[in-house]
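We will go from stop to stop.

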Amino acid sequence: MRIEGRGRIDRTREVKFLFDGVVRAGHPGDTLASALMASGQMLMGRSFKYHRPRGVLTAGSEEPNALVITGHGGRAEPNRRATMVEIHDGLEARSQNRWPSLDFDILSLNDRFAPFLGAGFYYKTFMGPGKTWEKLFEPLIRGAAGLGALSGAPNAETYEKAWAFCDVLVIGGGPAGLMAALSAARAGADVILCEEDRDFGGRLLAEDEQVGGQPGADWAAALAAELAGMDNVRLMPRTTVTGAYDQGTYGALERSGQHLAEPGDLPRECFWRIVAKRAVLCAGALERHIAFRDNDRPGVMMAGALRAYLNRWGTVPGRQVAVFGNNDDAHRTARDMAAAGLEVVALVDSRHEAENLAGDVPFYPGWQVTRAHGGSALEAISLRAPDGGERRLAVQALGVSGGWNPTLHLTCHQGAKPLWDDRIAAFVPPEGAVPGLTSAGAARGSFSTAACLREGAEVGAEAAGALGYATTPAALPEAEDAPYRLRRLWAVEGKGRAWLDFQNDVTVKDVKQAAQENFRSVEHMKRYTTQGMATDQGKTSSVAALAILADVTGRAIPETGTTTFRPPYTPVAIAAMGAGGEGPGFAPRRLTTSHAASAARRAPMIEAGLWYRPSYFPQKGERDWQVACDREVRMVRNSVGICDVSTLGKIELQGPDVGRFLDFVYTNTFSTLKPGRVRYGLMLREDGFVMDDGTTARLDDNRWVMTTTTAAAGQVMRHLDWVHQALMPQLDLRFASVTEQWAQFAVAGPKSRELLDGLLDAPLGDFPFMACGPVSIGGIDARLFRISFSGEEAYEIAVPARYGASLFHELVKRAEALGGGPYGMEALNVLRIEKGHITHAEIHGRTTAFDCGFERMVSAQKDCIGKTMAARPGLTGPEREQMVGLRPVDGLGRLTAGAFLFNEGDPADRIHAQGYTTSACHSPTLGLPLALGFLRNGRARHGERVRMVDHLRGVETLCEVTDPVAYDPEGGRLRD
Amino acid sequence: MIELAPASPCGDLLPLQVGDMILAELDLGSLTLVAPFAGQVEATSDALHDAHGVGFPDPGVAIRVWDTLCLWSGRAQALLAGPEPDAALASLAALTDQSDGWAVVRLSGAGATDALARLVPIDLRPGAFPPGSAARTLLGHMTVTILRDPADVAETAFTILAFRSMATTLVHELETAMRRVAARAEAG
């Protein structure tokens, strides 16, 4: 219900939203929780295990109960805390973990069986033979328990990631944080102030108190406005700092567009990485519960939350209110409730000596609340007097305060443990545990507003001062400075279930049972009971749980310790952390200059590294890729084909020592290569296995250009850098990648020369196989290489990339006039298999030069990388699987890549494997299938028969072993 | 004789304006990678100065004198942008033509820094990256060179060099970031 005259919501406007399919109304400024409470809906969720009815417990991100799914379909987001959901027009929210409805949940039957379902019940009960746990019990139990579920549809929302940098990061925008930001900013430091809430002010938004002679919330708003006007301050509301990482980097999740009805291009959330030279933790404190029987009834709330709903949102669960606490702070709730005209039925303080600070309300010092009554809403509470007498009072709301825990989580993200402070019966931050991070205010255990303001100003000035800024702490406004007095009380003695961890349905009894069963370490207790798990990570329950564990195990609290605090502080969607990486954002697309022309010809693209290359160029009437591929192969063999080979790595090397350098990185000799000539080379890794192959051309005395395979371009460049910097720094040479600078096209086929003669500005003249030289096309300086991967007379012509598209167009036009045209990767692959040329299918990282038949390419005259290691025993000889060609004995049988080879008559199992196939194709030139593979002692077995078995595809073919070169073994076609 | 038509890396993808930000393709003229041979950094710097008015830049620095820009672009190398390199440099440094290797764009406008903060992991605040700064870094998953042209003092503008083949991704990534920054400004 709403209370007139209270709250900071805009009552002039109404916001309509859906909860469980029913239209509800609230006001701008409302959270989903406050709007539901105002409309009388106290039941907001069902508990994890027992499906008990639960209402909202807190007013912040620590909320364990009121979890909802917002949106639907691909936009649904589960487990959002209703306390953090800002309502907006069109908001759709659904309750979770109930069936068929929140009011009537069949699985609440679980609650009836509670005596059997305590901690450890599943582990002890659902044991069975074999895999019954994984296959039967676990899926059943998981189906019945749980929080929100994902929609199963791809996430339709957008997210983003961003970086921010500052001198001083202030975490938390309450009184301490605002003063810290002001002090640091006035000193001149670049400041980022992150506040989890929509508004700045922290507890001041929830309290009825004066700061500097005005309402605290107004003071905070004015200061936030002043900060917003400073150039060196960046205010980040709706931003939760979720983790403290190395080097002053903090993770933070901003709910950037989530609160808007129509966010447009604004992503739902932004995951920030904030790099700060100094950071100040002013994250405040979280109130803790006191366990008593059925203390989880909807209407039982944190005392601080109860008055927050009154003071900030003008709403309460009902007219009759009681407060139960062990500290002075709880009295404020009774005071505020009474001042708002509500009926405060009882202020119960467990301390005998407590004084009533709430004014004219029924006061019960030394009494305790023993039980909450009601089902889906609180109806009454039972009190027990110091002398044991009982009393029952009708109430609709009960505020409970067991004290406050400083929000110190971030200070422990790098492995430190918090320190126990007996004075406030709470853990406080271990100062210095995260380098550059200090804490102030309630986060450090200083709870009065005055202390928060003072410490914030000091620590903010200190942080700026440490960075060399001249500082004086900002002047302090006058504020409340009441002492914080409490006597610890974790649980009220009595029968029944007293709840500690609402989110995981853990009771006092469960914790005691864990200790009884010897799960005495706090980490073991956590795993045994599940206390402190899931979305709230035990923020409202952990200290009480470990205190009870300490009691039953006869240890002190510091000795018992805490479980480990890890990031993130609040849940972060993977979608936010991975923003930008979904779909095509996974990797950049590298497109050739001929891409548009290939796409216009409807060529399907195939990815090669990051490059997109045309697979084949379909023509009208061709029913599949094979037909197109066969045509393109015949085209190259009979006339002329054009292929964009720009994707191959190109590295230009210059300097007097290039020859010596190449001699060391290639197995064969390059220092003898004459200007105007090209040589094929093989590179080994240091372990002696083949790394890459390609050609290197010597353009003139001083300038060389190396080509690498498309896939290994980056690896080779890195390798060359390593060799030059680490192994041969004495050599004077420089090299640079020119892959992007040159568009390069293969012109292959018997009519290639004819095509070029018509294209080049001057006739080519004598230009033998493996020659290179400068040419001119339309006045543009180009480079021509006579090299061949297809086995035909072939050239590669390179022009500056700006002319690539134009040249490709010209080449294809001229090729088509000669009966040729463009060819794609499929044809390229067939052409090279026919010629027995290797690709990374063969040099896959486990083959040596010897295996590939290139033993003689490893020069005996010089050293090279990998040479010594390649000579290790076992890397040469008949035991090695050596490269061979394969063809079906009947000329028809199917050949596949990745199949295994067996001797005829041997069983097709691992032990009998003789080798494997690496590449396979249908050769239109020879009219039969061909494959390349590696066969034990293969070079000595040409002419023999082996059985190819592809277990995966169910193919078996009897093959003849041949030389890898199936077509034109003498190489006449490419030379003449 | 045939005539080959040049095409720019970004083609008709640019220019585009989103909010107060403008992304446009830039023609820096001739681009030459200058990598001094062993022991020749000073001599190269002198020769650069004599011929083009700019020295060999220290790491992280971009120098501009009239139409000549010289920017650090990695270990012991610099990119000379504008004129063709003077012949005197050839004996001192390896000169590699990169005029066609880079897609060069200029992102300007008040939101430019915020847009890049979505993609680039380095500190680009004016104090940390003033005009005359150059860095090799990442933009999304791409390696790029980013500089603040010394000539760009009047407004916030960044010059970004990415692989020519990645121009489409570069523009897409930047446009997405620009739209999100603009949407944020609109949402207030």
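**Stop one: a parallel trio**

Select β19(A) and strand β20 (residues 363-365) of chain A: the two pair in the parallel sense over three bridges. Here strands (E, at least two residues) and helices (H or I, at least four residues) are DSSP runs, numbered from the N terminus. Two strands pair if DSSP finds at least two bridges between them.

A word on the source: this is a predicted model, where local features need pLDDT of at least 70, side-chain atom pairs count only at pLDDT 80 or more, and totals for chains, interfaces and linings use all residues. Residues are numbered from 1 along each chain as its sequence is written, while chains are lettered from A and ligands numbered from 1 in the order in which they are written.

Now click Val348(A). Opposite this residue, in β20(A), stands Tyr364(A). Val348(A), in β19(A), is also the bridge partner of Phe324(A).

β18(A) runs parallel to β19(A), with six bridges. Next, show helix α8 (residues 329-339) of chain A. Together, β18(A), α8 and β19(A) make a right-handed β-α-β unit. Right-handed means that, with the strands pointing away from the viewer, the path from the first strand over the helix to the second runs clockwise.

Is β19 (residues 343-349) of chain A mostly covered or mostly uncovered? It is mostly covered, with six of its seven residues buried. Buried means that 20 or more other C-beta atoms, placed from the backbone, lie within 10 Å of the residue's own.

**Stop two: an open sheet**

Move to three strands of chain A in the order β31-β33-β32, an open sheet with mixed pairing. β31 (590-591) and β32 (605-608) of chain A each have a single partner strand, so one side of each is left without a neighbour in the sheet. β32(A) and strand β33 (residues 611-614) of chain A are antiparallel, joined by four bridges. Find Met605(A), which faces Pro614(A) in β33(A).

**Stop three: an annotated domain**

Select residues 882-968 of chain A, listed by UniProt as "domain: Aminomethyltransferase C-terminal" in an unreviewed entry. Such annotations may be inferred rather than shown by experiment. The span is 52% strand and 0% helix, and its end C-alpha atoms lie 21 Å apart.

Pick strand β49 (residues 945-950) of chain A. Four bridges join β49 to strand β46 (residues 900-903) of chain A, and the two run antiparallel. Strand β50 (residues 955-962) of chain A also pairs with β49(A), antiparallel over six bridges. Finish at Gly954(A), in the hairpin of β49(A) and β50(A): this residue takes a positive phi near 70 degrees.

Methods
Buried ≥ 20, exposed ≤ 12 C-beta atoms within 10 Å, placed from the backbone.
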